[in-house]
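Please keep the sequence and the structure in view while reading.

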Amino acid sequence: MFDDQSRRSALKILGGSLLAGALPLGAVTPAFAANKRIALVVKNLGNSYFDACRDGAQQAAKELGGIEIIYTAPTKATAEDQIAVIDALIAQKVDGIIVSANDANALVPVGKKAAQRGIKVISFDSAIAKGGRIMHLNASSTEMIGAKQVQMISKTLKGEGEVAILSAASTMTNQNSWIAAMKREWEKPEYAKLKLVDTVYGDDQDDKSYREMQGLVKTHPNLKGVISPTTIGIRAGAKAIIDGGLAGKVFITGLGLPSEMKDAVLKGACDSFAIWNPVDYGYSATQILAGIIGGESGKPGSTVKMGRMGETKIGEDGEAVMGEPFTFDKSNVEKYAKIF
């Protein structure tokens, strides 16, 4: 997705904002004496967000030296297909696996199987339940991500109106956690006139998410806003709003990529949205796993290094946080759309 020039531009432009507090490029783990293979297993193929995570993983591998990144995913975002992919990697005897889980619990047995074979497994983006991995790296805190999305739609609607949620699959850990956090934020008195009327699932498929957005508008004629905590859902939902001539009447927000949401923002279907830098996310997860392969424990209470992103402490729940989400709107979306 990114050529070398784009990567250099990304690091330069993001250096003052998304990468604030980062360590110097020289502050990285020493290169491995022998080649190691790290597999980045994401939810599904054809997802620009995960392609950007891959680019970050490759950046980390290049910095560290001696690491090969195997980027793979099932063609369908199902737990069964993802388990088959991981089984194949176990057979290949890779050194480590980073997973964005399609189902938290369903992947525990295959995660345990990998561990029994000496393969280090961590998760990012969407967690595997505790028994199936060493630790999980959150892009940001669940509470902060959930609250941010409610705050954005409330600001757009001036705190009043009917709102729905367009999620991915009902089994996805991160989606459900963020929605739960949204609902906790929603309990605050300032959102008393902001009414949640429905939650639907597009299964992280463009066509289904598009149809679900159309269905929301038909079912709820007074709908004013939609929150979609998935990059596929928000882009498909925005397209449905624009195609339906509803830009400026119905607004969508959530988690999206600037390159995919620029037109929606400029056309008035989206006022603002947020995301962390997926390049940084893949980079950080790879740096952490490389450290664990190199001897770091990755246990609760320990601190792990993330290269230029600094370091993070693993909580008692076995989870750590990379950083805060970043808001995009008309003032900056065109600049960042050139990056990711």
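## Confidence and domains

The model is predicted; its protein chain has an average pLDDT of 90, and 90% of the residues reach at least 70. The domain assignment divides the chain into domain 1 (36–138 + 278–323) and domain 2 (142–275). The points below treat the confidence, the contact between the domains, and the salt bridges in turn.

**Confidence along the chain**
- Over residues 1–30 the pLDDT stays under 50.

**How the two domains meet**
- To the contact, domain 1 gives 14 residues and domain 2 gives 11 residues.
- The size of an interface is often expressed as the accessible area lost when the parts come together.
- Between them, domain 1 and domain 2 bury about 1000 Å², with 47% of this area on carbon and sulfur atoms.
- On the side of domain 1 that touches domain 2, five residues are nonpolar, six are polar and three are charged.
- Five residue pairs, both members at pLDDT 80 or more, are in polar contact between domain 1 and domain 2.
- The number of salt bridges between domain 1 and domain 2 is zero.

**Salt bridges**
- Side chains of opposite charge can pair when their charged atoms come close.
- The structure holds 13 salt bridges.
- One of the salt bridges joins the side chains of R54 and D51, at 3.9 Å from N to O.
- Both R54 and D51 belong to helix α2 (residues 48–64), where they lie three residues apart, about one turn of the helix.

Note on methods
Residues are numbered from 1 along each chain as its sequence is written. Side-chain values use heavy atoms; hydrogens and water are left out. pLDDT is the predictor's confidence in each residue, from 0 to 100. Contact means heavy atoms within 4.5 Å. Domain bounds come from an automatic or database domain assignment. Buried area is the accessible area (1.4 Å probe) that two parts lose on being put together, summed over both. A salt bridge is a side-chain nitrogen of Lys or Arg within 4 Å of a carboxyl oxygen of Asp or Glu. A polar contact is a pair of N or O atoms within 3.5 Å; within protein, one must be able to donate a hydrogen and the other to accept it, and residues adjacent in sequence count only if both atoms are side-chain atoms. Ala, Val, Leu, Ile, Met, Phe, Trp, Tyr, Cys and Pro count as nonpolar, Asp, Glu, Lys and Arg as charged, and the others, Gly among them, as polar. Helices (H or I, at least four residues) and strands (E, at least two) are DSSP runs, numbered from the N terminus.
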